[in-house]
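Me: I am new to this structure. Please show me how to read a few of its features.

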Amino acid sequence: MPVSPAYRPDPRFFDLGPEFGDPVQAADFPQTLLRVRNDRAAATVGLETLTDTEWLSHFGRFAPLPGQPGPVAMRYHGHQFRTYNPDIGDGRGFLAAQMRETPQAASLREEGDRASKTGRLLDLGTKGSGQTPWSRHADGRLTLKGGMREVLAAAMLETLGAPTCRILSLVETGEALERHDEPSPTRSAVMVRLSHSHIRFGTFQRAAYYGRKDQIEVLLEHARSLYHPSVAPGDAPGFLAAVVEASARLTAKWISAGFVHGVLNTDNLNVTGESFDYGPWRFLPHYDPAFTAAYFDTSGLYAFARQPEAVFWNLTQLAGCLKLIAEPQVAALTEALNGFGPAYIRHLRAAFLNRLGVKSLSEAADQRLLDAALALLRDKGEALRWEPLFFDWFGGFSSGARALGGVRGKTYQGEAFDAFRFALLEHEPDRPERLEHPMFAKPEPEEMLIDEVEAIWSAIDQGDDWAPLHAKLARLDAARSAWAL
């Protein structure tokens, strides 16, 4: 198989043993039609040289890649809307491969000790690849619309600088699926994501549920050595602190992007602080703390502004698992856990500065700008929306002429705007040459609101027209280069 010489298989999860996963086989699909192929993501792990035929063999039929032992459905539990469920695991997906990112990809990151010479360990995980021992009575499939939505969510989050998996592949599989929450029968697909770990909080929870301290110790060493190598062996509080820090950064990035994950269960958060598994996600149309993404979230548990609370609650569940092997270190575990709040605020300030394209000045000045931006978004609401604020004022106060002369110019007035303007004036532009990108000459930013998502799906559903999807992905790729976040 003509993979790039940079392709380096490293199937570490498979070394954990049979208690952490089950060998499975992919479904035998009636057809495999390649719909999305992400060569930029594939180049991260040396797979961009595959032909389309080889691509479909590995990501539609799931012939193992060189050096990979074959698919494994991972075992885990989880709190789902804070109700513990011991009957879950990889029910419609599996871990297909693990490999190191290429040296070139590693050199482009600034991730501290994770950017080692060997590159990060990355996973290929599937969704919709068929039934496993954890499917219960479900069909193990993914709707084509669901796959398309995941492609869009991951692309938008990457564009806005949020830690996210990348959707490597989307293949239509030719089955008619019945679903109770959308028009049926509907088209089917299988998706492959490229992610920095599928070790979930729920992976630890399963071991704790069965009282398996030995498994928790094995998981701790596995996750520490591969994903947080600066933590000393056996240092459960240090590992928790690293996961807390990564999770705080992730949550802050979600908020700055106006993103609502929708289902922040413990099985949907991993130890590297990289988001994945996008179901009923939404991006805010405008500032609304109570905005929810899932129609079934009737209590607003995972509403936009409650996401930090949800992530912290999930981290407490992980801490409870680690307590089983670190009883004498409870105080240190608590200290690590309580670091979430300060870390989240610190990362939120940094995220808003990043999105506005300005440099940090001081903690007090940065906080003033964060508070003023949120106050302006709240004050202007639907007249401003969420994404346009960052687009209009990117590059700081020097963008004033562009913002005030744009389509929202008359919106920028009043006390809330004055406070924002003065706070922004304090901060110097960061890499102002980015404003030379043609995107900033446009009147509107790239957004990802539900009406556009539905229109893209309608073109596919009604006319098998994939042009709007690929055009949107191309615009997001251009926006990613323009923002350079």
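Predicted model: local features only at pLDDT ≥ 70, side-chain atom pairs only at ≥ 80, totals over all residues.

Reply: Residues are numbered from 1 along each chain as its sequence is written, and side-chain values use heavy atoms, with hydrogens and water left out.

Me: Where is Thr143 found?

Reply: Strands are DSSP runs of E, at least two residues, and helices are runs of H or I, at least four, both numbered from the N terminus. Thr143 sits in strand β9, residues 142-143.

Me: Is Thr143 buried or exposed?

Reply: Buried means under 20% relative accessible area, exposed over 50%, and partly exposed in between, with a 1.4 Å probe and protein chains only. Thr143 is buried, because its relative accessibility is 7%. Contact means heavy atoms within 4.5 Å. Leaving aside residues up to four places away in sequence, Thr143 touches Leu177, Arg179, Glu182, Thr186, Arg187, Ser188 and Ala189.

Me: How many disulfides are there?

Reply: A disulfide is a pair of cysteine sulfur atoms within 2.5 Å. The count here is 0. Cys165 is buried at 0% relative accessible area, and Cys321 is buried at 4%.

Me: How do α11 and α14 cross?

Reply: Axes are lines fitted to C-alpha atoms, for helices over the stretch in contact, and angles run from 0 to 180 degrees between N-to-C directions. The axes of α11 (residues 363-380) and α14 (residues 415-425) come within 8 Å and cross at roughly 150°. So α11 is roughly antiparallel to α14, a label for angles over 145 degrees.

Key:
Parallel < 35°, antiparallel > 145°, perpendicular 65-115°, else oblique.
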